[in-house]
Amino acid sequence: MVRVATEDDLGSLGPLWDECRALAGAAVVATRAAEILDRVRDQLRASQRAVESGGHPTYRLVYVAADDQPVGFASFSVVERGLATPASAVLVDVVHVDGGRRKSGVGTALLREAVVFADEVGAGDVMVNVPPTARDVNRFYARLGFAPVVVRRTAPVGHLRRKLGVEPRLDARDATVDLTPVQRSLRRRALLTPRRSPARP
Ligand SMILES: CC(C)(COP(=O)(O)OP(=O)(O)OC[C@H]1O[C@@H](n2cnc3c(N)ncnc32)[C@H](O)[C@@H]1OP(=O)(O)O)[C@@H](O)C(=O)NCCC(=O)NCCS
C-alpha cells in the first residue's frame, strides 16, 4: 500500500535515495540523500503552509513499504509550465523502486498516486523526469502513455560563460554569501582562469 510520507518517514528513505542517485548519476540527482532529504523537508513544510493558508498542496512524497521497510518512492512537485501553457502540472521528480523489488507493481502504484495528486491540485498533466539513456525506464513510461514533448538540455554556467564570452562578476553583489571560504576561493580561482576568446559570429 502506498503511504504519503511525513517528516518522520524521511530518515528511512535515505538508502533508496542514494541507490537512485548511484543509478541516475549526479547530473540527474545532484546531491546525496542527506541533503536531498533536507530539501524534501523544506518542501513538505512549504506545502503544509500553502494548505493552511487555503491553497492546494505544492509537494508530496509517497512510498511503498514491505515489512515496514520502504521499497520504492516517488517525489511529486506542482510546477507551472511557463507562459505558453496556463495549466500547472505535477512533475514526477523521481520514481525509484529497490532493485530487488521491481516488476511487481510498485512503480505503477506510485504513479497512480501522481494521478491522485494531480486531481487534488487541479493539474492538467503529469510530467516525468527520465534520463534519456535509461531504456527500460523510458519504455515503462512510454507504455503508460508518457510521450516526449520537449528535450531539456542543460549546461553549467561556467562552461557557457567561457563559450559565450560572458565576463564574471566579481563585485559585492555576487551571490556567494552562502558559500564556505573554500568554495568561495575555488569559485574565484575558476572565474580568474584565463579562457579562450569567444568565436566571432
Ligand atoms: C521504472 C521503475 C520505476 C518501474 O518500477 P516497477 O516497480 O518495476 O514497476 P511495475 O512493477 O509497476 O511495472 C514494471 C513492469 O513490470 C510489469 N509487472 C508489474 N507487475 C508484475 C508482476 N506481478 N509480474 C510480472 N510483471 C509485472 C509491468 O507490466 C511493467 O511492464 P512494462 O515495463 O513492460 O510496462 C523501476 O524499474 C525503477 O525504479 N527503475 C530504476 C529507475 C531509475 O533509473 N532511477 C534513477 C533515475 S530517476
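This is a predicted model: local features need pLDDT of at least 70, side-chain atom pairs count only at pLDDT 80 or more; totals for chains, interfaces and linings use all residues.

Now pick the buried set in α3: Val106, Gly107, Leu110, Leu111, Glu113, Ala114 and Phe117. They take up an arc of only 145° around the axis, so they sit on the same side of α3. Here's a handy rule: an α-helix has 3.6 residues a turn, so residues three or four places apart point the same way.

What do the buried residues of α3 pack against? Colour β1 (2–4), β2 (59–66), β3 (69–79), β4 (89–97), β5 (125–128) and α4 (135–144), and you have their packing partners.

Next, select the whole of α3, residues 106–121. With 16 residues at 1.5 Å a residue, α3 should span 22 Å, and its end C-alpha atoms are 23 Å apart, which agrees.

Time for the ligand. It has 22 residues around it, and the closest are Ala24, Arg102, Val106, Gly107 and Thr108. At least two residues of this shell come from each of α1 (14–24), β4, α3 and α4. By type, the shell has 12 nonpolar, six polar and four charged residues.

Finally, zoom out. Colour domain 1 (2–144) and domain 2 (157–192), as given by the domain assignment. Their centres, taken over C-alpha atoms, are 32 Å apart.

Definitions and conventions:
Residues are numbered from 1 along each chain as its sequence is written. Helices (H or I, at least four residues) and strands (E, at least two) are DSSP runs, numbered from the N terminus. The expected span of a helix is 1.5 Å times one less than its number of residues. A residue is buried if 20 or more other C-beta atoms lie within 10 Å of its own, exposed if 12 or fewer, and partly exposed in between; C-beta atoms are placed from the backbone. The arc is that of the directions from the helix axis to the C-beta atoms. Two residues are in contact if their C-beta atoms, placed from the backbone, lie within 7 Å. Domain bounds come from an automatic or database domain assignment. A residue is near a molecule or strand if its C-beta atom, placed from the backbone, lies within 6 Å of it. Ala, Val, Leu, Ile, Met, Phe, Trp, Tyr, Cys and Pro count as nonpolar, Asp, Glu, Lys and Arg as charged, and the others, Gly among them, as polar.
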